[in-house]
Amino acid sequence: MLSLLLIICSSYTVMLVLLGLFPLLAYALFRYYSMQDYSKQYLTSFKFAPKFDGVYTLFAPFPVVVLSDYEAIKEAFLDRGDDFAARPVSVVTDQIFTYAPNSGVINSNGDQWREQRRVALSILRDFGLGKNIMEEQVLSSVREYLEHLDNMSNKERIDFHWPIQMMTGNIINDILFGYRYKYDDCDKIVTYVEDFKNHNIGMLQWFIGLVSSPEIAVGMAAPTLLKIPFIRRYCLDKHRENMLKQVSEYVVDNVQQCLAGYNSTRYTIIDCFSTEDEPTCFVHAYKQRMQGNSYLDDVNLISTCNDFFQAGQETTTTTLRWAMLYLALNQDAQVRCYIRW
């Protein structure tokens with residue numbers, strides 16, 4: 001009886017201590033995050049990197065080791081690349097940043113990641129990656145872009161945003177799904193890109209919005225709390241719904257359309273001939289390779305296509321727009337580019 005009483009008293013004391021520390025913890029988190037601007041992370045590096053020789057830990061809200069020194073980056077990713085090949089695993093990452101947990105090529109890990117990466121690279125090489133075939137595919141989209149610009153009536157005021165967005169999107173769309181959009185009939189891909197932005201899910205904007213929101217910080221720092229229904233709803237489920245509805249819906253629809261009527265049956269001894277259709281896009285080739293490979297399935301196919309679009313669409317468009325502005329404002333740099341070309 002006495003031992004039971006002591007256990008109850010000690011548990012009660014621990015609870016009181018934790019409750020007393022909670023306000024201090026909340027204040028510390030508030031002070032810490034108020035010192036950072038997640039939309040300008042480079043300022044955080046400028047602030048902390050010199051103090052810690054280019055290697056420091058940033059709590060966002062879980063600890064992240066930041067390498068901002070060239071030698072440290074070289075050692076980590078070149079000399080010891082295998083040690084840094086994995087991705088951080090969390091409930092939030094698996095549920096919000098990916099179509100399905102541990103799938104695709106960006107947020108998967110281990111053998112799953114290695115196989116998805118191997119198959120994706122193999123398919124892309126078959127379609128001409130690193131060869132003139134792929135280069136011609138890119139140049140063809142560039143020619144359509146230049147033709148569209150040439151047909152514009154008002155050349156005094158041109159917004160390059162959507163023409164460049166279409167050029168980039170068409171290259172990715174052609175490789176993945178086997179078709180391109182016309183510049184005067186591109187509502188689907190325009191809606192897809194706009195949904196990225198309107199719902200704060202577009203690449204960098206999406207990431208900044210997530211990691212800087214209090215509810216996501218709670219989910220990352222204390223995933224156990226996600227078992228509580230109302231916390232899970234605001235920390236996880238609403239962001240998950242946006243991911244599936246606004247981002248993945250476009251990719252899912254295109255994958256289903258590509259596979260409709262496509263015959264991926266391989267060569268059989270009984271038939272004595274191959275009954276498979278020749279793959280004309282990434283989706284066809286991936287579907288063809290599913291047979292006999294347990295790592296490949298429809299979920300990973302959708303996740304991989306999703307990853308390609310998210311990794312290549314907005315980033316490439318933003319880089320090209322920045323380059324055009326820079327070259328327009330720096331004519332000498334433009335001349336040097338012409339000379340080197």
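**Figure 1. Packing of helix H7 against helix H13.** In this predicted model, the axes of helix H7 (residues 161-177) and helix H13 come within 9 Å and cross at roughly 150 degrees. Helices (H or I, at least four residues) and strands (E, at least two) are DSSP runs, numbered from the N terminus. Axes are lines fitted to C-alpha atoms, for helices over the stretch in contact, and angles run from 0 to 180 degrees between N-to-C directions. H7 is therefore roughly antiparallel to H13, given that angles under 35 degrees count as roughly parallel, over 145 as roughly antiparallel, 65 to 115 as roughly perpendicular and the rest as oblique. The crossing of H7 with H13 is right-handed; a crossing is left-handed if the near helix is turned anticlockwise from the far one by less than a right angle, and right-handed if clockwise. On the H7 side the contact includes His-161, Ile-164, Ile-172 and Phe-177, and on the H13 side it includes Cys-305, Phe-309, Gly-312 and Met-324. Contact means heavy atoms within 4.5 Å. Sorted by class, the contact of H7 with H13 has 10 nonpolar, nine polar and two charged residues. In this sorting Ala, Val, Leu, Ile, Met, Phe, Trp, Tyr, Cys and Pro count as nonpolar, Asp, Glu, Lys and Arg as charged, and the others, Gly among them, as polar.

Residues are numbered from 1 along each chain as its sequence is written, and side-chain values use heavy atoms, with hydrogens and water left out. Because the model is predicted, local features need pLDDT of at least 70 and side-chain atom pairs count only at pLDDT 80 or more, while totals for chains, interfaces and linings use all residues.

**Figure 2. Packing of helix H5 against helix H13.** The axes of H5 and H13 are 12 Å apart, and the two helices pack at an angle of about 70 degrees. H5 is therefore roughly perpendicular to H13. Their crossing is right-handed. Gln-112, Gln-116, Ala-120 and Leu-124 in H5 meet Asn-300, Thr-304 and Phe-308 in H13. This contact of H5 with H13 has three nonpolar, four polar and no charged residues.

Figure 3. Gln-112 is found in helix H5 (residues 110-126). With a relative accessibility of 15%, Gln-112 counts as buried; buried means under 20% relative accessible area, exposed over 50%, and partly exposed in between (1.4 Å probe, protein chains only). Residues up to four places away in sequence not being counted, Gln-112 touches Asn-102, Tyr-295 and Asn-300. Asn-102 lies in the loop between helix H4 (91-96) and H5, and is partly exposed, with a relative accessible area of 31%. Phi of Asn-102 is near 50 degrees, a positive value in a residue other than glycine.

**Figure 4. Aromatic pairs.** Rings of Phe, Tyr and Trp (its six-membered ring) pair if their centres lie within 6.5 Å; planes under 30 degrees apart count as stacked, over 60 as edge-to-face and the rest as tilted. By this rule the count comes to nine aromatic pairs. Tyr-192 and Phe-309 form an edge-to-face pair, with 5.4 Å centre to centre and 85 degrees between the planes. Tyr-192 lies in helix H8 (residues 187-198) and Phe-309 in helix H13 (residues 298-329), so this pair ties together parts that are 117 residues apart in sequence. Both Tyr-192 and Phe-309 are buried. Trp-322 and Tyr-326 form a stacked pair, at 5.2 Å centre to centre and 15 degrees between the planes. These two residues, Trp-322 and Tyr-326, are four residues apart in helix H13 and thus separated by about one helical turn. Trp-322 is exposed, with a relative accessible area of 56%, whereas Tyr-326 counts as partly exposed at 37% relative accessibility. Ring pairs also link Phe-177, Tyr-192, Tyr-250 and Phe-309 into a cluster.

**Figure 5. The loop between helix H2 and strand E1.** Pro-50 is found in the loop between helix H2 (41-48) and strand E1 (55-59). Pro-50 is exposed, with a relative accessible area of 61%. From C-alpha to C-alpha, Pro-50 and Ser-68 are 9.3 Å apart in space, and they are 18 residues apart in sequence. Asp-53 is found in the loop between H2 and E1 and is exposed, with a relative accessible area of 67%. Phi of Asp-53 is near 55 degrees, a positive value in a residue other than glycine.
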